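Thank you for making time for this one. I would like to walk you through the structure on the screen, starting with the overall fold and then turning to a sheet and an interface.

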Amino acid sequence: MSEPIFSVQDLTMRFGGLTAVDRVSFELYPNQILAVIGPNGAGKTTVFNVVTGLYAPSEGAIRFKGSTINGLAPHLIARRGIKRTFQQSRLFDNLSVLDNVLVGMAATARHNLGKAILRRDLLARELSRDIEHALELLGSFSREMRTSHRKRAGDLTPGDRRKLEICRALASDPTVLLLDEPAAGMDPSETAELMEDILKVRTLKHGIGIILIEHDMSVVRQTADVVVVLSYGKIIATGSFANVSSDPAVQEAYLGTSN
Amino acid sequence: MTLFLQLFVAAVIVSCLYALVAVGFTMYVGVINLANFSHGDACVMGAFILMPLFILVSSLGWLGTAGALVIVLLFLVVSALTGLWGVVIYRILVRPLLNSPRLILLLATVAAGQVIREVVRVVYPNGSNPQVFPKILPQGGLELGELSIGYDAIAIFVITIAVILGLNFIIRRTRMGMAMRAVSQNADVSQMMGVNMDWTVTIVFVIGSALAGLAGLLNGSYYGITKFSIGSGLGIKGFSAAVIGGLGDFYGAIIGGFLLGFIEVFSAAYIPDGSQYQDVFSFLAVILFLLFRPSGILGEKIYEKV
Amino acid sequence: MGAVTMHDESPGKTAYLTRKLAALGILLTSSGAVYAIAVLKNQWIVLGLSVLTVAAMIMIDRRPTLKRRIGEPLRQERGLLLVSATVLALAAPLPLRGDPYTLHVLVMVGISMILAIGLNFQVGSTGIPNLGFAAFYGVGAYASSLLAIRFQLSFWLAILLAAAIAAFFGFLVGVPSLKTRTYHLALVSIAFGLMVYILLNNLAFTGGPNGVKDIPAPFLLGQSLFMSIRIFGLTYPMQLNFYYLVAFFLALTLAAAHCLYHSKVGLFWNAVREDEVAAKCSGINVSAVKILAFCVGAFFAGIAGSLYAHYIGYISPENFNMNVSLLILGMVIMGGMDSIQGTCAGAFLLTIAPEKFRALTDLRMVAAGLIIILMLMFRPAGIIPQRIREYRGLLPLGRDTDTDHE
């Protein structure tokens, strides 16, 4: 078994008197899909926010590719290879579909501002390559978005918005992808498509690790290799979906006994 | 020592004025997350509504016997009228833009403030020049040794305390106040719980504008003059005070107002050539706060909502 | 394709020519309207023309087919249009030999455009509500004047240094502005604007309320630009010199704006404007990008300030007060946020209007404020809104090339 590419150890996040995340630990391996489930307010999104650098953890360690990334600024963490989507899609609404993906490439090494201003010919060639890469990525999730790449992102359907957000995250070839409730508000056919997309990510980007926050248990059951259950900021169970869903503590806190 | 006490009194008065403006401003931020840059210019309305009313009232000879009562009435009327103006601003300008990006709303209020300022300047006779403001506050004062405290200063202080206590009561003890607090915590949920957003916001505008009008009025009474442009100055100070105290926090605005007032008065007095630069000190204070403690003194640490 | 034609000229060649003619035609019509507005003296005709032009632009923007019909030739004949526009711009003032006033107005339009483009980097592209932009303008003007007077620097050196100093002030404002909230930014910018105004008014070395006078003229090839000039044997007033001087710097500004918009910088600015958190998590150093916007915007304000100072020859703090900041802001909002053409249109209209409608002088600020409010309520995108970015020539050829989405 290879080394974990990503891990959190005793991660704790306190906001004033409230402990939103309480000594959470888990590991993520290459090609693995880890699902984080739990009731609303359990701290799942907070874990994402801490791990992507939006908050500095009160305690604990976050390790990525062998080094500790606690307290790094969000853009640096993104550049190292951790990208995410948001519970409510945060797209650049007034920019085109293509532009959204191009921005996603900001996290790759060669995009620095100095070059942007000074070397324009080099830029044109690189830009063509980037555009091609972006269109290909879009195409693997939706032929329609690839052809309508000039469409304003704000005008997309909710399903397309999620796909675009995923494309934007994948544009920089991240090592870890964090998906925050991607199935929220989707009907069954859209959910099925989403599951295809999640598994497609794995085939497109070899070795990528995915952490998935979800409420939709069918998605979790069919995609997750490991499930972590959070309640009131603490982990109450870890394991395969089968094990976790039959755990009485989990059933009481979240799933309900009929499952 | 007397100099110090004298300055102390002056600082308190200036602080009261700033606090009144700051509270109004911070209410807009707290309840609907709006930075209303026309707030300062509502002070101008207060001052410029009072002047013709005062002339009217004195020409009708009402100031003689029941003088004090009439003055109080004038205060109420002007505050009410300015409050009404708040409703106008809300209905015509703010409400249609509530769903636009916040930047648009902010710019719209800035433009609105300018329109108010310029309309007053153009419409009021001789509007471009400073106007003599009637002395409607009690004249004369206390002499405590070498220290003199004007009755007008005491009046301002008392009025401010009364207003603050009144507002505190409204916010903490009435249903309307609770509605305001609920909306400032979570607008969507409040609506689902039956709070009438429209009315709550309207009340906020009424109170906010009335406060501004009162501040403009008191400012004019105390200094004896007023000008169409006082709104910008008072407005900026009010915002600064609100920021220092913590945007959205009622008590923060008051603390901010006093902090700002004291910094201004004392730096003007004790730093050589200070009076010319007193505004610079206030703004420096604001900028320092924004640098090191953007949530202000009482505000909660700002966590980005993701 | 059809029957063999008798002519050698394929339909392609006539289409090619029609396109060029169409492009030129559009350029000439719009330039003609603009020129007429600038030059004519009758207030009513000017008002009518302005309203017509603005209405036409808005109407065209709203009809996709019409917009495409007009947009196509313009987009495809970029080179031709650039050359023609340059020729027109160079020739435009020549008939105005006897009208130094209109020349003066044109100079001021040019300076306003540079200012507005500078602010546009901040407000339009990056979404930073800067309500104190005139401070950078003032810093540039004062820096340039004082450098020229106290250190006898030539205008050309002074303007560069002044712009650099202004950019540094941009940095100083940028740093406290990095904390997110929109109204914090607005407040810091107002505070900064007022602080600069107060300091200019009170410091001894800036001359206090009396300002700085006798600012030396720029020299070019040994000639002072304050002297009237002879072209083709005809004598022109000195305003012509400044027309070309400002046009030169405006051209540089436009080129810079164009480059920045189409580069990663422009894209990142827009991303920060749209959603800062998403931008951060996508790998953009939001702080650096914002500070860059502050510096670049301030730099061009400094250029404009220096031009103004060395043209008018006299500056005072009143030239750089809050009203000026709001006026420049109005230009960007009215013209079109993030749109270079729009910003220029806004600058043109809001500079011409107070000059042409002298009767309105008192109501000028009221009118400006009302226009801004109306625009924000009904057409926040401005007269010439910014379009979706195009990547012509960079898209992979083949079956999946983009289809028009106007």
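**Chain A: fold, sheet and interface**

In chain A, 68% of the contacts with a separation of 6 or more are between residues 24 or more positions apart, a contact meaning that the C-beta atoms of two residues, placed from the backbone, lie within 7 Å. Please keep in mind that this is a predicted model, in which local features need pLDDT of at least 70 and side-chain atom pairs count only at pLDDT 80 or more, while totals for chains, interfaces and linings use all residues. Residues are numbered from 1 along each chain as its sequence is written, and chains are lettered from A and ligands numbered from 1 in the order in which they are written.

Chain A contains eleven helices and ten strands, these being DSSP runs numbered from the N terminus, with at least four residues (H or I) for a helix and at least two (E) for a strand.

Six of the strands form an open sheet with mixed pairing, in the order S6-S7-S8-S3-S9-S10 of chain A, where pairing requires that DSSP finds at least two bridges between two strands. Within it, strand S3 (residues 33-37) and strand S9 (residues 226-231) of chain A run parallel over four bridges, and A:Ile37 has A:Val229 in S9(A) as its bridge partner.

Turning to the interface, 40 residues of chain A are in contact with 31 residues of chain C. Of the elements on that side of chain A, H5(A) gives the most, with eight residues.
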